[in-house]
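This report looks at ring pairs and at one helix packing. Please have the sequence and the model open while reading.

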Amino acid sequence: MPALITPDLVALDADLGADKSTVVRRLAALVAGDGRATSADGLADDALAREAQAATGLPGGIAIPHCRSESVTEASLAFARLSPKVDFGAPDGPADLVFLIAAPAHGDADHLTLLTALARALVRPEFVASLRAAGSDAEVVALVQEVVAPEPAAAPVGSPAGAPAPTPAPAAQPQAAGRRSLVVVSACPTGIAHTYMAADKLTAAAQAAGIDLHVETQGSSGSTPLAPEVIRNADAVIFAVDVGVKDRDRFAGKALVQSGTKRAINEPDVMIREALAAADDPNARRVPGDGAAGEAAAASSAGGPSTGAEIRRWLLTGVSYMIPFVAAGGLLIALGFLFGGYQIVTPNPDVEGQSYALSWLQNNSFLNLPSAPGVEGLNDGFWGYLGAICTVLGQAAFGFLVPALAGYIAYAIADRPGIVPGFVIGAVSVTLDAGFLGGLVGGIIAGFAALWIGRWKLPAGVRGLQPVVIIPLLATLISSGIMAVFLARPLAAAVEGLGNWLNGLSGSSAILLGIILGLMMCFDLGGPVNKAAYLFATAGLASQTSGSLIIMATVMAAGMVPPLAMALSTAIRPKLYTPAERDQGKAAWLLGLSFISEGAIPFAAADPLRVIPSMMLGGATTGAIVAASGVELRAPHGGIFVFFAMSNVLVFVVALVVGTIVGALAVTIAKSIGRRKTEEVPEDAVDLQHAHVPAHTPPVRA
């Protein structure tokens with residue numbers, strides 16, 4: 001196997017330029033000049049693109065710009081000892097030792113193993129000192145070859161000639177009595193340098209602290225998974241990753257500390273201490289065990305999350321925390337209608353400003369049951385009081401939908417400091433009728449406000465007040481102020497305008513209205529368009545005209561389609577979905593039957609271009625059938641639990657079944673065309689909160 005480095009690839013005490021771009025281009029020229037790359041510019045561009053993802057400067061005056069590139073024909077190392085030094089983004093200043101690690105786009109495992117060996121050697125002070133003391137190009141080559149290609153006798157039987165002995169598989173070792181145990185997963189986009197340097201730095205820090213530490217490196221040299229008993233016995237887990245963690249469900253329930261690989265290299269002692277503290281904190285962040293919403297930061301082809309993937313992760317985090325409120329509130333309200341009758345939410349003429357449910361809950365009890373004889377659609381007595389309890393509890397749970405959405409979007413952006421301003425701006429959105437859309441936009445504003453204020457460098461005397469006083473106060477004031485002053489009125493006006501437009505379509509255009517309402521109910525699945533259609537329907541119930549009751553039936557039927565269609569699709573073609581999505585499909589049956597459109601949100605958020613149009617097709621089909629058939633509904637919510645308040649129940653069911661089948665077939669066909677394998681679909685959008693590789697780059701730079 002050709003040597004990775006030759007004297008022609010070494011420049012000692014050289015002035016290669018005043019900035020890292022120039023240095024990288026000069027080193028790339030050495031590689032191309034030695035016949036190891038077809039284009040110096042192509043190699044340099046790929047290395048600088050990787051550099052733009054995350055700076056490659058390391059503590060101690062070292063820099064390791066590196067990449068995979070189609071321009072590279074042979075894995076190579078170019079080395080420069082710079083005079084003067086050049087800044088590569090290290091926290092302690094510029095670098096004088098620079099290695100350009102150039103790997104072919106599809107490098108073989110042997111070369112990648114050798115490149116990995118060099119990266120690991122760079123964390124050893126004695127090796128770095130020898131590079132600084134080297135007196136000739138040949139001496140540098142000998143030092144590097146000694147690291148990456150030890151004597152053949154040291155290699156195990158069957159290893160490639162010149163390859164270093166592989167790292168032993170992580171095995172379950174007996175834990176010393178009284179010693180703490182941690183497990184680590186490290187991974188970076190290229191899987192060549194930072195993956196192994198982070199692992200070695202954390203290992204050294206753990207040894208110095210007397211901690212048992214077991215590492216799984218998910219890099220180019222392959223990955224040997226940690227033994228299950230090692231994970232089970234660990235007090236906490238550290239994810240030092242710039243990309244997604246493979247098979248993260250193995251660590252479910254473990255206290256978690258997560259950051260990019262650069263922090264693990266720069267601050268290994270701090271991360272070890274944070275992991276030990278998290279292990280002792282019952283409220284510490286933990287690895288989720290259900291893979292609930294698909295991996296937040298969908299890895300780009302370069303291995304790191306793109307801007308779009310980050311936005312998707314924020315939204316999915318908010319949605320995943322919101323869904324339990326939807327399920328609990330929706331089902332409780334449905335039970336309220338079942339027990340108390342569809343009039344349970346209408347105003348009680350005997351108590352001004354209160355519904356039957358609220359007034360009965362406040363003024364009656366199981367020993368003083370309510371009485372309302374002769375009111376059609378209302379049950380009094382025991383069942384009425386039970387219905388009042390369920391209705392009020394459900395309405396209270398529903399009141400948290402938008403605040404929870406906004407609060408946990410902000411949490412995904414800014415971690416815990418974002419929760420308070422996020423919840424407040426969500427509540428402000430509800431109060432000012434900005435609704436669901438206000439929660440989406442407001443959560444992002446609140447998250448960035450908290451993140452910005454959290455990065456302020458305050459004097460030591462007031463720094464302790466930052467997380468408990470300064471961030472909640474200022475982030476809430478800024479974000480909610482923006483919502484109240486600038487955004488709430490336009491958003492509320494948009495919702496009102498949609499309602500007025502729908503009113504203009506009623507009457508003889510019943511079928512067209514059914515199609516439009518069906519499309520609106522399935523367009524954003526509980527968002528402002530969906531809510532505009534629903535509010536249009538419920539507002540008309542007060543008149544109790546035939547037209548208003550048909551509209552209510554149309555809206556409810558169409559809103560039930562998306563969860564049912566997704567549930568059916570996951571049942572008929574489970575291989576199109578991840579295990580987590582298949583579990584969500586099972587839950588979607590009940591959510592759909594209960595008229596909780598939000599049950600389809602996880603599917604739509606993960607694959608909007610295929611899911612949303614398919615759901616709109618199914619909803620429009622159901623809406624048209626219900627509107628054309630004149631089905632009437634007197635209850636504003638409840639799904640199958642309010643069939644007693646519906647006319648032509650059989651037609652309603654037929655329309656629902658037809659729309660569900662149409663939607664399920666449409667989404668199944670759409671997902672079957674150009675689909676990704678389920679094992680390539682990211683696992684958990686909620687949890688990858690601290691990956692620090694923002695840019696998307698072409699595959700050759702991965």
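How many aromatic pairs does the count come to? In this predicted model, the count comes to 13 aromatic pairs, taking ring centres within 6.5 Å as the rule.

The Phe-239 and Phe-251 pair links distant parts of the chain, 12 residues apart. Phe-239 is in strand S9 (residues 236–241), while Phe-251 is in the loop between S9 and strand S10 (255–259). Phe-239 has a relative accessible area of 0% and is therefore buried. Phe-251 is also at 0% relative accessibility, so Phe-251 counts as buried.

Tyr-408 and Tyr-411 both belong to helix H13 (residues 401–414) and are 3 residues apart, about one turn of the helix. Tyr-411 counts as buried because its relative accessibility is 11%, and the cut-off is under 20%.

Ring pairs also join Phe-339, Phe-366, Phe-382, Trp-383 and Tyr-385 into a cluster.

Turning to the helices, H23 (residues 608–629) packs with H24 (residues 649–672) at an angle of about 160°, and their axes are 8 Å apart. Angles over 145 degrees count as roughly antiparallel, so H23 and H24 are roughly antiparallel to each other. Their crossing is right-handed. The residues of the contact of H23 with H24 comprise 14 nonpolar, 8 polar and 2 charged.

Methods:
Residues are numbered from 1 along each chain as its sequence is written. This is a predicted model: local features need pLDDT of at least 70, side-chain atom pairs count only at pLDDT 80 or more; totals for chains, interfaces and linings use all residues. Side-chain values use heavy atoms; hydrogens and water are left out. Axes are lines fitted to C-alpha atoms, for helices over the stretch in contact, and angles run from 0 to 180 degrees between N-to-C directions. Helices (H or I, at least four residues) and strands (E, at least two) are DSSP runs, numbered from the N terminus. Angles under 35 degrees count as roughly parallel, over 145 as roughly antiparallel, 65 to 115 as roughly perpendicular and the rest as oblique. A crossing is left-handed if the near helix is turned anticlockwise from the far one by less than a right angle, and right-handed if clockwise. Ala, Val, Leu, Ile, Met, Phe, Trp, Tyr, Cys and Pro count as nonpolar, Asp, Glu, Lys and Arg as charged, and the others, Gly among them, as polar. Rings of Phe, Tyr and Trp (its six-membered ring) pair if their centres lie within 6.5 Å; planes under 30 degrees apart count as stacked, over 60 as edge-to-face and the rest as tilted. Buried means under 20% relative accessible area, exposed over 50%, partly exposed in between (1.4 Å probe, protein chains only).
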